[in-house]
Amino acid sequence: MARRACDGWVRSLKAETLCFTGKVVVDDKWLVRSECVRRAVRRGATSKTDFSGAISLVVHGDLTGKQVSDSRRDYSDTLVGTESERASGRHVHVVDGAGFGDLIHGFPAPCLELRRPPRGSAPEVVSPQANRDVLGAPLQVRKVGRHGIRELAVDLSSLDEATAAHERTVGALIKHLARQKIEVHTYARNSPKFDAGWATGKEIFVAEVKSLTGTSQDQQIRLGIGQVLDYAHQLRSTLSGRSIQPVLVLEKKPTDNRWGSLAKAVGINLIWAPEFRGI
């Protein structure tokens, strides 16, 4: 049987064949099954009522009060079938209600593990990602195109260069943190739209990345300071007790040294490529 690779994420619902098990709760609201199907179909999925070899994605809801076929593990027939398919080499994605909420809003969702529990312990359906209320899918460098000189009446060459510098800085940051075994993520569905985020221990870092090519350094840095302070403030307001560290990432060292002391005074970690000293 053909194997289906999974990198730990379901990128979209397009071309997926779904079935549901349990009560699906999205953003603290129970969605009736017909509404779940309607929203999935709008994103390009199809749905079936029962598990079969055609199913590619299972939405795992709350099984409380439901009759299950494997009471020791609190698994429904659907999850038992899913585990069997995975064991045979055909990967079937599994997402929970939060993940389904992400997918119907156009965001990737983490694919859940089905963990065999040690004898005598409680069963677990395990999410591979912590801090999923802040951090989304792994961050990827975007491809940057070039505008033709006749496309618009304005010269966009400077914009192209700045965008390319931004993405080079993002790529260098991803590689720098990867050497420390740290994965960089994009923002989650209900988070502010920061450029990059990661976690170490109990601390979550949210970063704005600014290029200094083809524009005023002072303007870019002022803008970045305001943005990253806003991101951190929003998250601290909604996530009480969580440690949120704002980071401003620059393409290169700024020419004016005052920005380092200003960033420190307002609690921002200011770093720049290529060394990214301080992280």
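**Entry 1: Thr 169**

I began with Thr 169, which sits in helix 4 (residues 157-178); helices here are DSSP runs of H or I with at least four residues, numbered from the N terminus. This is a predicted model, where local features need pLDDT of at least 70, side-chain atom pairs count only at pLDDT 80 or more, and totals for chains, interfaces and linings use all residues. Residues are numbered from 1 along each chain as its sequence is written, and side-chain values use heavy atoms, with hydrogens and water left out.

Is Thr 169 buried or exposed? I found Thr 169 buried, at 3% relative accessibility (buried is under 20% relative accessible area, exposed over 50%, partly exposed in between, with a 1.4 Å probe and protein chains only). Leaving out residues up to four places away in sequence, Thr 169 touches Val 209, Val 249, Leu 250, Glu 251, Ala 273 and Phe 276; contact means heavy atoms within 4.5 Å.

**Entry 2: helix 3**

Next I looked at helix 3 (residues 97-104), where 7 of the 8 residues are buried. Among them are Phe 100, Asp 102 and Leu 103. Just after helix 3, I noted a positive phi of about 85° at Gly 106.

**Entry 3: cysteines**

How many disulfides are there? I counted 0 disulfides, taking a disulfide as a pair of cysteine sulfur atoms within 2.5 Å. For Cys 6, the closest cysteine sulfur is in Cys 111, 3.9 Å away, so it is too far for a bond. Cys 6 is partly exposed at 31% relative accessible area, whereas Cys 36 is buried at 0%.

How values were computed: Helices (H or I, at least four residues) and strands (E, at least two) are DSSP runs, numbered from the N terminus.
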